[in-house]
Amino acid sequence: MEIHGDRATRPAGSGEEDRSTNVAAADRRPQVLVVEDSTTQATLLRFGLEEGGYTISVARNGAEGLSLARAQPPALIISDVVMPEMDGYALCRAVKSDPALAHTPVILVTTLSSPTDVIKGLECGADNFVRKPYDLGYLLSRINYLLANHDLRSHDRATGHVGVEAGIEIQFGGHRHFITSARQQILDLLISTYEQAVQVNEELLAKENQLRRSYDAIEALYRLATDLNRAESPSQVFEVALAHAVDLLGGTAGWVWIAEGDGRFRCVAAHALPASLQAPDAMEGTCDCQQRLLEGRLGRVVNIVQCERACRAGGQTDDGLQHASVPLRVGDETIGIMNLVVNAPLAAEGLTILDGLANHVAATLARVRLQEQLKASNQELEAFAYSVSHDLRAPIRHMDGFADLLLKRAGSQLDETATRYVHTIQQSATKMSRLIDDLLGLSRTGRTALQPVRVELDELVREVQQDIAPALNGRQIVWGVDQLPAVQADPGLLRIVFVNLLSNAIKFTAPRSEARIEIRTTAQDGEVIVHVCDNGAGFDMQYADKLFGVFQRLHTEEQFEGTGIGLATVRRIITRHGGRVWAEGAPDRGATFSFSLPRAG
């Protein structure tokens with residue numbers, strides 16, 4: 001055939017022959033009647049069956065389908081069950097009752113959700129069930145089978161070998177059903193039903209296996225997240241991620257590259273490396289996965305990358321050892337690659353798991369980086385506070401010392417006002433010295449290494465009460481201390497917490513004729529929550545967030561003296577133990593300070 005512009009020309013005299021050949025071929029194609037009230041489903045079925053070699057006519061309901069079948073008997077009928085006017089069962093019963101159509105195979109398309117569907121199919125004489133949603137290949141196989149059997153039965157009828165009709169009355173679901181169908185027809189229907197049941201069972205098993213794998217993957221990723229939360233440095237993050245990746249995907253080895261600029265990479269973590277990769281020069285040079293990253297071609301997990309470095313390690317060719325490459329990112333920055341050696345290409349499910357793992361690693365790296373920055377900033381601030389506090393000690397001592405010398409040497413020559421000035425200088429120096437001591441104490445709580453052990457709170461509270469007894473100045477305090485449990489904490493730092501909280505309670509209950517201070521605990525999710533309550537001055541809850549800040553005071557110096565650092569120290573110590581601290585109160589109605597600590601094992 002030659003094509004000129006938009007027209008195609010054929011050799012002279014061939015057009016009529018081709019047309020007649022096509023018409024003859026179409027006439028020989030089996031006629032299938034599709035009865036389906038859904039236009040979309042009918043159209044899809046038409047296209048699929050025409051591709052399968054059948055001529056198709058379509059009816060929108062059972063009544064229309066019966067009329068078309070009587071006008072032009074088809075080789076086979078495919079009918080939906082649920083339709084308006086006449087459903088599929090009624091259509092099938094009408095077809096089988098019509099002498100001209102009685103031997104036409106009928107396939108019912110149904111959800112097959114109940115055994116009653118099978119009984120109704122047997123009762124109306126259906127030849128086959130196809131379950132929704134159906135596979136077109138399976139439907140074509142059933143059509144071919146039924147048409148082949150139909151030809152055999154036609155031959156049997158022509159030769160007098162007619163199938164025996166079965167008259168069976170059965171009771172099912174509280175109803176009687178009378179079935180009159182040829183045994184072969186009943187067998188065909190039951191076989192198709194069994195096939196559908198097997199298919200459903202296989203699908204359910206596949207989904208169950210998929211759910212089990214998904215659950216295992218989620219559980220493994222949860223364990224990964226738990227372990228990553230404990231990581232305190234990038235190297236720990238990479239080591240944990242590699243170990244979990246190998247375990248999750250059945251890998252044999254893994255390593256992590258970090259880009260260092262100028263096209264260079266450094267191996268920062270490795271797991272179960274082959275001996276050849278542990279050689280001094282084995283990790284030198286740029287490999288394929290690194291080149292992909294440098295060229296921006298490693299945007300996500302690469303299914304499988306042939307790695308010459310890994311192949312050499314296994315003593316194989318380029319078609320041998322394989323690995324998956326996972327780009328590692330922090331924010332918008334791609335910082336490196338995690339390689340996982342595997343024995344076979346990873347399927348989509350494995351790649352999805354690696355994607356999830358990479359996301360966990362990215363989030364953890366961002367957290368670790370932020371923690372490192374915060375740690376460095378805190379260390380700088382603490383060093384600055386320590387330095388300033390230490391350097392201020394000498395001039396403060398000089399001020400206090402020279403003021404004292406002035407009073408001793410020239411006190412008799414000073415008038416009352418001048419003497420008051422000198423005393424004010426001394427009081428200010430004493431206050432400044434106490435403030436410096438508190439700042440140094442706050443600094444030390446952040447610099448001292450935690451040494452958590454089992455601490456008996458009963459014993460610790462009794463010791464602190466004895467230590468602060470001199471500060472009572474003869475006051476009578478009504479103590480209410482519960483039987484306290486043991487906690488896991490640094491005993492030295494925890495002592496500071498109780499000294500600050502009990503000293504505060506004593507100070508703010510000073511105006512009360514009867515001061516009451518209670519210490520009680522509650523248990524919650526493996527924690528011990530300690531409550532220190534008093535009936536003192538209290539505070540306005542709208543300012544509660546200021547209580548634990550440095551130099552934050554809710555009362556004037558004239559009302560209650562203090563430096564505004566004690567509660568900040570309490571919060572720092574409890575936070576370092578992984579706990580929480582908060583306060584509740586009301587003006588002139590007392591306050592409760594609470595904090596949580598891990599329960600002792």
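Before reading any accessibilities, I noted the scale: a residue is buried under 20% relative accessible area, exposed over 50%, and partly exposed in between. I also kept in mind that this is a predicted model.

Entry 1. I looked up arginine 266 and found 42% relative accessibility, so on that scale arginine 266 is partly exposed. Its salt-bridge partner is glutamate 260, with 2.5 Å from N to O. Glutamate 260 is partly exposed too, at 36%. I then followed the shared partners: Glu260, Arg264 and Arg266 are joined by salt bridges into one network.

Entry 2. Which residue forms a salt bridge with aspartate 98? I found arginine 70, with the closest N and O atoms 3.0 Å apart. Arginine 70 belongs to helix H3 (residues 62-71), while aspartate 98 is in the loop between helix H4 (88-97) and strand E6 (106-110), so this pair ties together parts that are 28 residues apart in sequence. I checked both ends for burial: aspartate 98 is buried, at 14%, whereas arginine 70 is partly exposed, at 49%.

Entry 3. Next I went to helix H7 (residues 183-230), where arginine 212 and glutamate 208 sit four residues apart, about one turn of the helix. They form a salt bridge, and their closest N and O atoms are 3.0 Å apart. I read a relative accessible area of 40% for arginine 212 and 39% for glutamate 208; arginine 212 is partly exposed, and glutamate 208 counts as partly exposed.

Entry 4. Finally, I noted the total for the model: 20 salt bridges.

Key: Residues numbered from 1 in each chain as written. Predicted model: local features only at pLDDT ≥ 70, side-chain atom pairs only at ≥ 80, totals over all residues. Heavy atoms only, no water. Salt bridge = Lys/Arg side-chain N within 4 Å of Asp/Glu carboxyl O. Helix = DSSP H or I, 4+ residues; strand = E, 2+ residues; numbered from the N terminus. Buried < 20%, exposed > 50% of the residue type's maximum accessible area, 1.4 Å probe, protein only.
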